[in-house]
Structure formats: structure tokens, C-alpha cells
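Colleague: I have just started reading protein models. Could you take me through this one step by step?

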Amino acid sequence: MTNTPLHIVVVGYGPVAARFVDQLLPAVRSGAVALTVIGEESAAAYNRVLVADLGVGRTTAAAIALSDAAELVAAGVNVHLGTRVLRLDRARQQVRLADGTSLRYSKLVFATGARPVVPPLHGLNPDPAARVALPRGVTALRDLADAAQLSDAVDRKAKVVVLGGGILGLEAALAAQDEGASVTVVHHGTHALARSIDAGAGHTLAAALRSSGITVISNARSVGVQLSPGHDGELRFSALLQESGAPVEGDLLVLSCGVRPRVEVAAGAGLATDRGILVDHRLAALHDPNVFAMGDCAQVRCLDSDCADCAASDGPLGLIGPGWRQAEWLADFLTGSLAVPLPAERAPVMMLKARGVDVAAAGEVQAGPFDPVPGLSVSQWADPEHGKYVKMSTRDGVLAGFISVGMPRTGAELTLLFERGSELPADRSALLRLDGPDRDTAATADPARTVCRCAGVAEETITAAAARGCSTVAEVSAVTRAGTGCGGCHGELKELIEKHFAPA
Amino acid sequence: MTVPSNATDTHCPYCALQCAMTVTPAATGPARAGAPTPATPGPVITGRDFPTNRGGLCRKGWTAAALLGHPERVTTPLLRGRDGIHRPVPWTLALDLIADQVQRTRASHGPDAVGVFGGGGLTNEKAYQLGKFARLALGTSRIDYNGRFCMSSAAAAGNRAFGLDRGLPFPLEDLDRADAVLLLGSNVAETMPPFIQHLQGARAAGGLVVVDPRRTATADFTADGAGLHLAPVPATDLVLLLGLSHIAIHDGFADAGFVASRTAGYQAVARSVAQWWPERVQSITGVPVHLLRETVRLLAQGARGGGSYILTGRGVEQHVDGTDTATAAINLALILGLPGSANSGYGTLTGQGNGQGGREHGQKADQLPGYRKITDPAARKHVAKVWGVDPALIPGPGLPAVELLASLGKPNGVRTFFIHGANVAVSAPNASQVLKGLRALDFLVVCDFFMSETAQEADLVLPVLQWAEEEGTMTNLEGRVLRRRAALTPPLGARSELWIMAELACRLNAPSVFSADPETVFTELRAASAGGLADYSGIDYALLDSGEPAYWPYPAGSTGTPRLFLDAFAHPDGRAVLTPVSPSADPARDPLFTGATLALVTGRLLEHYQSGAQTRRVAELAGAVPRAQLLIHPLAAASRGISDGGMVTVANTRGTVRCQAKHSTAIRSDTVFLPFHFAQDENANLLTSQAIDPISGMPEFKASAVTVTALSQN
């Protein structure tokens, strides 16, 4: 047994890397692991999920921090911020950084995440390798600097144009509109969230967006951005140009057109990539047992062509939850405390982060109740006037997909049932009633009914006491003990007494 | 109402609210026309005005006297014969037999083969002397008590955060003025009904928030605009609380001034909750985001107005992550700036009658009187001096309750066992294993006044006094020390536990002094507690009898401490400590919601107390709720063919309960509820697991996976 520590180098310092580092800290402190983490941004890891909230002023940069670089350094972690890996030399097991240093590793872990897709619009450079900044007034809302741009626009109550009808675009749009900006959402297709919800939910959602003040332009074909000189004479975004119809004018364009995994360093080193870096069920790169990938840059697709879990793999999941589970698992695996392979992820639940607009969806959602899809049963509830829409698809009674719009409790329960793979109750409408009133207010008129729970006194006992002349709550209490515990029934006692003494 | 001259002021025998009452012996009791008690002449109980209960009592309190002259009362020592039948024996023989048995066990297996199990219902005097008896007379480290099943998680969290654990660090009446109260996992409307009076202010302000997977009687008090009911999935309380802290920080409700000047560790906690945004929390707890936000808003708004309180109960504490869950509740309170202020705070609602005092005076495995650590050399020295012994004579830390019970009859485990004021055959988790352990003992001594399910397993049962027959002190849920007074003469043949310990100590040639007189023992307790966290040195019976409120710490020369932490927390630097906590997948915990399993939560009913050994013997209470009923949602029942009132089995790998089902829409459809007051086939603890919290030793009572099946009628 040698005492040489295991040299682990993590490329990338986002939320997934932060979780990985946290999980490894005990091993770092004990000297079993020598850990290096390399982050391109100058800030330590923060919660990217909340960047839109930061942009609209709903939270602070301090509050979304996930790591403290100084604390990690104190714990013995080697932290490189503001630099990136230029090249991976697998033969020598070392990486070359932009600042000129070279680092040797025993295990290398890619956590490079993804970068926003810049759509092919006239006036923007769509080259994914381009390191040229977007024009002024155009942001992809991915990092702290992007959040600052949005923040500036919201503060000025500016006109914000969001390009893209995906979840991140809608969240940014709703938050910015709520906080005072004037927002237009431009997307292709008939409705937003098209990958997650059906047309009925889309209509209900569009109505909700419009009633919150957002302008929605569907079936749009955007072709370019128009740049105009600002007060300072510099060119900045002024309108999103359409193939047909009027340009959509605005002060800030938020690009929300999806993300692309950052695989170039891995690909450059000859590792297998598809949309993401291809890894097996132990997150190891397909042909290099010393290189791993996790999070938004990792695509699980093993070499076994019969593997059912991998058959449908068309890219990284792109969600933080699975990324964190991968990080925890990989840290335990690399320190030898774990033998079981990483469990396969369930299909993700999409949940819109927005105040006042509740949308959750998952799984199979496109088929309607009367569509002949073998094995699939669909129940549906639509109340567009009140912004409510629910669809539940089941296979053998088990929830295979759902959409819930405008029904927060129903959505919350369906989310749980979907993630557990639970059967739905035979009476599907029971789930809809969760968003009804909290309790049945129709009190039953039953003389044997208990009025005072604390002392266990029935209505008939109280009425009898009143009949014997008790005319105040205190008198009834003295004789029956009703109302002598928590006092919660005093109002009802009073009513019963008054009822007895009321003139007929 | 005129109080008869032979009436005695005392407090209720049951829960930690310790409602004030008056007991009047039968002969001269006032006629009680129309009262729903049976006509048998017995002592009469009336509620007494006091700041906690304001004259109110619940059904348990009203009927408590029914047990005093109960026909099933044990009134002579009972020795079990070879045929398994218990027969009366004289006290001298019983005590000689015990002394002989202890010496034989010690000689052949060592002192740690003798063990003691105490209870949170014992008076301070008995709890104190029991700890001393175990360590000096028996020479064993193996003592713990049923409070391990009750307060240990909140106590560990309180000590970690504040440096001190007093259930409510403020008088209960402070709650009256609050605009917001967040009640987590506590059904006070059933467990201590007069408590509800103190929530009136919060209800009027629309600020009562109850967190419970059931819409309990307490949750019902949030209806009609009085507040909110949050019904999380069982075992997700920790995530819920992390989400509330997240919202508090991100929505700008953190009290930055308080955090900066009075706490430590905020940054790490803020970073740890950054990952718990509301939608993620909703997807795990099932609690809609808008309710999470509204809860935090109510608390923050209350803190700036009349006050806000966060209170935890066993529902969130009795988990393998109970200490971390209570810590998360405290973190939220600290972020909002509640603790240590005059009109806001955090507290835990102590359960058992003397659950507070019972955890301060040395019947805990790791503790010496005055809430001192048994491993602390200075603490050992102080207590040894009071006891007049060499500190080396005091054994080190023993085993917490679940492990202690698991060691019964095992190699290197306990072989001779004393149980005081506990009914572990019903109340301990994984009850069938506990029963096996009791039966594997060489000798079991149980002190009780009824043949409880545990007493039935005893080799020797010693009849002891009931509440209305003894003098002593109890410390209520506020940390206020109260006088328990003898109102009646005990039955011939029953003896006080202090006397029993004194007699045995003498037979075992124990060092130090063991008195049978409560006031003498209390005087010694005061000295032993002096300088400790729970310092009682300034309290005496005369002070308590004068009616002066006495909240500990009450060092000699002081006037006590109604409100703790106003100037500083009890850590050396005076700051409260925020500790980052996170949910972890505990392999010992039942995986919930696999296949058709339901989550079982256990809890209390208004009509019964603890294992039911007492309340099942009160005709009025047993008549109201004679049997255990499984609360199940009609949807869960329908898919299993279970009718309302039909018989079911509730089962898992640990055991099977057979009972009646009761349909209710007041429970989540993935969750069922069983009360834990019933025995044999209806014992909910046949299903609970011995998995424990690594910090507190608290078992997992509140989240067991079970399958529920309709029992065929034939």
C-alpha cells in the first residue's frame, strides 16, 4: 500500500464540479487525494439555475454562491480560476493550461458544462469556437456578466426581447416582466415549451404569458439582429429582424436557443464524442480509463449495443439534478468507497420556475384521450378560461407522462407520482381536487357529533346543558367540561347556547 | 368556585405542558352534577389557573384520578414463578433478591452487565437519584432512558446551535403576542390541547403555519384564513426547511445585522442552501412553491411585527436525520433573526411530563447532573465532590437507548436490567426485537404501578407511587421548575422509587448517601447542578411553594432565567452557530414508495398517552378510543379493497399489525398513520426500525415503509 495521493484534476468549476469537490474534501483532508480544479470564470462555482433570478434582481451574487475558493484552498485544494485547459495529453497524463502551466493527473474529470447556442442570425457570429463577444445588447444569460446585462435592462424598465420558447427563455421572460421590464417572447413553432407540453397546454400557457403582460410571437422566423448606434455612438442591439413581418424592437436581446456541450478539449485529444463526451455507466471515457466526464458535457452511451439504457441516448440530460448525482457518485467511486454502478436516470420532470405561472410536465404528453396509442390511457382536464389544464398518461395504471398548468398542488403530486413510477388512483379526478378548497365546509348536522374534542363532549350533551339552564359558555363548561381544553370550540358553544335560547 | 381545604395544588401526570390542577380527595369532594365522569367516588380534579394552561385541561387530565384507586393497581412486589405467574412477595425478600442478583451478575459478567432504563416521566429527584444509583450503587455505565426516543434530536441540535438545550428558551405566554408561528411536526391540538390558547394571536394575524403530512386537528386551526397547512411527503422535512432558508436568503428576508453580530457560520449555510431552490424543493416534498414562499413571508413579516416563532415536534425530530432537521429549523430561525430576541424565537415542544428535567440530571448515558458531560473531567470532579467519592469511581459514557436495548441478553450485553417509568415493550422501535431482548435477560426488575406490557415480562415487579401520592419537582416544556405535591395517601404496599434506591444502595454497600426524602434529594441535586448548564442551585421547595416562577438556569443568588440568549448564546464567544446540513441517503432507512408500499407515520391521539399503559385503563378514554385504527386515504384504500372500518394488516419485514382501517381525506394518499398507544397486535412499533440518528441516537419512528392489505372477514 503506497501513500502517494491520487491526483485528480477537474476541468471546469460549475455547480457539478463544486459538488464533486465538496464530496472529495474528506479525502483531500486525509491526504488520500490531491485535487486540482480549473475554472474559466474568475468566480468560484455558483448556482447557474438562478442566473435569471440574479438578472432580474431577485437574488444576489453572494446568495447563489456554491463554493468558497479560499476555503477550498485552506482545505488543500489546488484552485485555478480565470484560466482554461488548452490541450489534453493523454499519453503523458497531463493538461496544458492557457496560463502556460502543465498539470499531471492520475484521473482527469471533465465538468466543462455547456455553452449557449448562438443561432445563425445575420449580425451574430454563430461559430461555437468563437471567443468573440456578442454585440452589445445581446446576451445568452449563462454567467454572472450576462446577469448584469439583464439586470441593467430590468432596472431601466427596458424592452427585452427573448428569442426562444424553451424553459430558460420563459423563466427569464416572466421574471423580467414581473420585475418591470417590457418583454416580448419570439419563438418558432405553434407554442412555447414545445418539447415538453402539448398544444392544449401551450394555448393555456400562452394565455397566462399574455395576461402577465408579455407579448408572445409564435411561428416566428428570426433572420437577423439590427444594430444601431447608442447614446455613446457604439453599435448595440435595437431590433430582432423577422423573415416576414415587422422587426421586433427592443433594448436587450436574450438568446435562449439551447446549449451545446463543451467537448472540444476532449475531442481534440481523440476521445469519442457525440453531442457530449461519450462515457460508460461509470462515467469513464469510452477508451481511456483515466478520463471521466460528468454533468452537461457528459453523454452516457456505453459500448454495449444491446444496452437498453443507452439506446435512446441522444445527448447529455442537461439538468442539474442528474449532474449532481453523477458528481457524488464519481467522487465516491474514485475514492474507492463505492462499487455499484451509477443508477440510470428517470425521465426528467420539467418545472417552470416562475411566480404565478405553474407549469410542470414530464414523459409522454402528446397523445390525446382518443388517440389510438397502444397501451396508453390518457385523461385530460381543460379549463382555459381559468388557465387550468391537466393531462395524465398512464401505462398499466402507472403514470407515463403528465402536464399540469395552473394547478400547483396537482402538479406537485403528479411530479412525485411520476418520479416514483407510481400507479395513479383509478379516479383520476381525485388529483384535480387537490387544488380545490382545503376542507369540506359542509358540516353535517349530527347531534352525536363531537363539538369539544379536548374533553370529548357531543353536541347533544351541550344542548342538554343549555336545556337545564346553562346560558353562558362558562356555565356549560362547568357542567360538561366542553371548552375546557384548547378553547377552540368556544364559538360553537356560544352558537349552540344562543340557538337554544333564541325565540322560536 | 371555592376550593376545599383539603384540596392540593399540583400538576397533571401526563405531558410536558404540566397543566396546573387541584386534587381533592373523594370524601369531601364537591358534588359534580352533570359531569360525565362515572359515579364511582374518587378524588376530584379541577383545572387551576396557571400561565401555561389557564385553567384548561384535556380529557386525559380530567380523568387522571381514575388511575389512583384503580382495581388493577399493583400494590405489592410480585415475583414471577417458574410457571410464569407473578405472586406477591414481601418487600424485604424482593430487595434482598435484587441485591443478590446484582452481585452475582457483576461477579460473573462485570458491572456493565447490569443496566438501567429510566423515563421522562420521573420527577427530577428520581431522575437524578437514578443516575447516581446506576453509577455508584450498581457501578454501571449502562443507563439511558426513553427520552432518547423523545427529545434527543432537538437537544443535540439545540446544544450544537446555542450551546444549551432548554425546550422553550422563553415563557410559553410569549407566543401569545406573535404574528407568526411555524409549527413543524407537532399536533398540539391532540397532544397538549390547552397549548392552542397560545396560538390565538398568530391565528388572528393569519400567521399559523402547520407542517404535517396529515391535516391534523392542529392543522385544522389554520383554516379560514388563520394560516397555512403544508403537507410534505414523510421524511422530506429537512429538504422543506432547506428550501425555506433558501427563500429567506434569496428573497432578501435574512436579518443581516443579527447574522453579523450574533451568529457564526452563516456563509457556509447560505452556500449549502443555494442548491435548494423552491421548485426543486417542491419536486421532493410535494409542497407547492407558493406555500413555501408564503410561509417565509409570514415569518419575516412577523419578525418585524409582533414576533415570529419556529417550533419543532417529534414529527420532524424522530428520524435518522432528526438532529440535522432540527438544525435546519434552527438555521432558518437564525437567518430570520428570531432566537435571542424578546418577542421571537425557536423552541422544541418537549413531550413527556418531565422530558425537560429528565434530560438534565444524569439518566442519559453520556451525562451527569446539571446537563454536564460525563466525559468532561471538570464535570466529573464537581459531581464526585458532591457525592463524596473519587471521580474515578464514576463510570464513563454508556450506550444510548436503542443500542442499550439491543444489547439485552447478548454477549457483553446487559443481563440484569432495571426499568423505571417506561414501557419499552410497546414504546421502543422494532418492538418484537425488544421483547426478545427482555426475555433473554437473566433478571428484569420493573418499577411500575400497573402490569404494563413490560412489567408482564419482569422477574420482579415493584409497585411504586403515582403522581398524586408523591412530592417532588417537574420541569415543564418552558424549563420552569414546578412542584408536584402529594394529595393522597398511597396504597399500603406501594413505595417511592427513592426509597427503593436507598434500600438497594444500602444492601449493595454503595458509597455516598441515598435519601428517600424528595426534598433532601433535591437539595443534593441543586449542589450537583451548580455551575452546570442546567443550574438549579438557587431553587428550593420554599421558593416553588411561594408560586414564584423558577426558570433554569437559576444559580444561587439569581432570580432565574425566563428568557435565554437575550444578550448572548451559550457558546464561549456568545454566538449562535449555523451548521450546514444536507439530506443523505441513509441505507438503514426504509426506501419509501417502492411498488405498492405506503409510508407509515406514527403519533398520538388526544385520548391516550405514550404506550397507553395508563390511559387504556381509564374507562372514559378507553371507551372513546378502545383500539388502534389505521388512518388511510380513501384512494389508497380503494385500490387495496379496504373498506372504512374494515380490518387490515399493516406489515413490513419487522412485523405485522392487525387493526381496523379508518378512511380519511385528511392524510396524504401515499401515507398512513397509526397511533402508538396500543399493544400486542396493534403495536405500531412492531413496524418501526432501529435505525438511529448518528448524532442523537434517535430512532426512525416517523417513516417506515409498509404494505397494507385488507384482512378477509372470515
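Colleague: Which residue stands opposite B:F417 in β16(B)?

Modeller: B:G115 stands opposite B:F417. Two strands pair if DSSP finds at least two bridges between them. Here four bridges join strand β6 (residues 114-118) of chain B to β16(B), and the two run parallel. Before we go on, this is a predicted model, where local features need pLDDT of at least 70, side-chain atom pairs count only at pLDDT 80 or more, and totals for chains, interfaces and linings use all residues. Residues are numbered from 1 along each chain as its sequence is written, while chains are lettered from A and ligands numbered from 1 in the order in which they are written.

Colleague: How many bridges join β16(B) to strand β17 of chain B?

Modeller: Five bridges join β16(B) to β17 (residues 443-448), and these strands also run parallel. In β17(B), B:C447 is the bridge partner of B:H420. As for the labels, helices (H or I, at least four residues) and strands (E, at least two) are DSSP runs, numbered from the N terminus.

Colleague: Why is β16(B) described as largely enclosed?

Modeller: A residue is buried if 20 or more other C-beta atoms lie within 10 Å of its own, exposed if 12 or fewer, and partly exposed in between, with C-beta atoms placed from the backbone. Five of the five residues of β16 (residues 416-420) of chain B are buried, so the rest of the structure largely encloses this strand. One side carries B:T416, B:F418 and B:H420, and the other carries B:F417 and B:I419.

Colleague: How should I read a helix, and what span should α9 of chain A have?

Modeller: The expected span is 1.5 Å times one less than the number of residues. For the 15 residues of α9 (residues 320-334) of chain A that should give 21 Å, and the end C-alpha atoms are 21 Å apart, which agrees. Buried residues of α9(A) include A:W329 and A:L330. Among the elements covering the buried residues are β1 (6-11) and α1 (15-30) of chain A. A:G336, with a positive phi near 80°, follows α9(A).

Colleague: And how many residues does each chain give to the contact?

Modeller: Two residues are in contact if their C-beta atoms, placed from the backbone, lie within 7 Å. Chain A gives 42 residues and chain B gives 41 residues. On the side of chain A that touches chain B, α10(A) gives the most, with seven residues.
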